[in-house]
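Thanks for coming, everyone. I have one structure to walk through today. Let me put it on the screen.

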Amino acid sequence: MIKVHFFAALKQYFTDSISVEYIENETVLDFIQRLAQLYPDAAEPLAKCRVAINEEFVSFSDTIQSQTEVYVIPPSSGG
């Protein structure tokens, strides 16, 4: 299982964290698309997020390993 943490505006679609089944050789992009399929209301904000694995930002082409923690972070704006 992969533990997934959500922040800011994503908390309206998810709790603070969820557990998702691990799929071998899944890329970050595939993972985000899978989350969007599981939670269709969150599809649009998920498409705009950055992802970190074990607290380090990764690219969408990176693969997710088992027993990792994924952090899904929406864009923020400030003044």
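**Charges first, then rings**

Start with Lys48, which forms a salt bridge with Glu44; their closest N and O atoms are 3.5 Å apart. A salt bridge here is a side-chain nitrogen of Lys or Arg within 4 Å of a carboxyl oxygen of Asp or Glu. Lys48 is exposed, at a relative accessible area of 51%. Glu44 is exposed too, at 56%. On terms: buried means under 20% relative accessible area, exposed means over 50%, and partly exposed is in between, with a 1.4 Å probe and protein chains only.

A word on the source. This is a predicted model, where local features need pLDDT of at least 70, side-chain atom pairs count only at pLDDT 80 or more, and totals for chains, interfaces and linings use all residues. Residues are numbered from 1 along each chain as its sequence is written, and side-chain values use heavy atoms, with hydrogens and water left out.

Back to the charges. How many salt bridges does the rule give? The count is 3. Next is Arg34 with Glu26, where the closest N and O atoms are 2.8 Å apart. Arg34 is buried, with a relative accessible area of 16%. Glu26 is buried as well, at 7%. Then there is Asp16 with Lys11, at 3.2 Å between the closest N and O atoms. Lys11 is partly exposed, with a relative accessible area of 42%.

The charged end of Arg50 sits over the ring of Phe57, 3.8 Å from the ring centre. For that label, NZ of Lys or CZ of Arg must be within 6 Å of the ring centre and within 35 degrees of the ring normal.

Now the rings themselves. The whole structure holds 3 aromatic pairs. Rings of Phe, Tyr and Trp (its six-membered ring) pair if their centres lie within 6.5 Å; planes under 30 degrees apart are stacked, over 60 edge-to-face, and the rest tilted. Phe6 and Phe14 have ring centres 3.8 Å apart and planes at 5°, so this pair is stacked. Both Phe6 and Phe14 are buried. For Phe14, the relative accessibility is 6%.

How are the rings of Phe14 and Tyr39 arranged? Their centres are 4.7 Å apart and their planes are at 65°, so the pair is edge-to-face. This pair links distant parts of the chain, 25 residues apart. Phe14 is in the loop between β1 (2-6) and β2 (17-20), and Tyr39 is in the loop between α1 (28-38) and α2 (43-46). Tyr39 is partly exposed, with a relative accessible area of 32%. Put together, Phe6, Phe14 and Tyr39 form one aromatic cluster.

Last, the whole chain. There are 2 helices and 5 strands. These are DSSP runs, numbered from the N terminus: helices are H or I with at least four residues, strands are E with at least two. Along the sequence, the pattern reads β-β-α-α-β-β-β. Buried residues make up 35% of the 79 residues.

Contacts next, meaning heavy atoms within 4.5 Å. Of those between residues at least 6 apart in sequence, 51% join residues at least 24 apart. Along the principal axes, the C-alpha atoms fill a box of roughly 40 × 25 × 20 Å.

That's the tour. Over to you.
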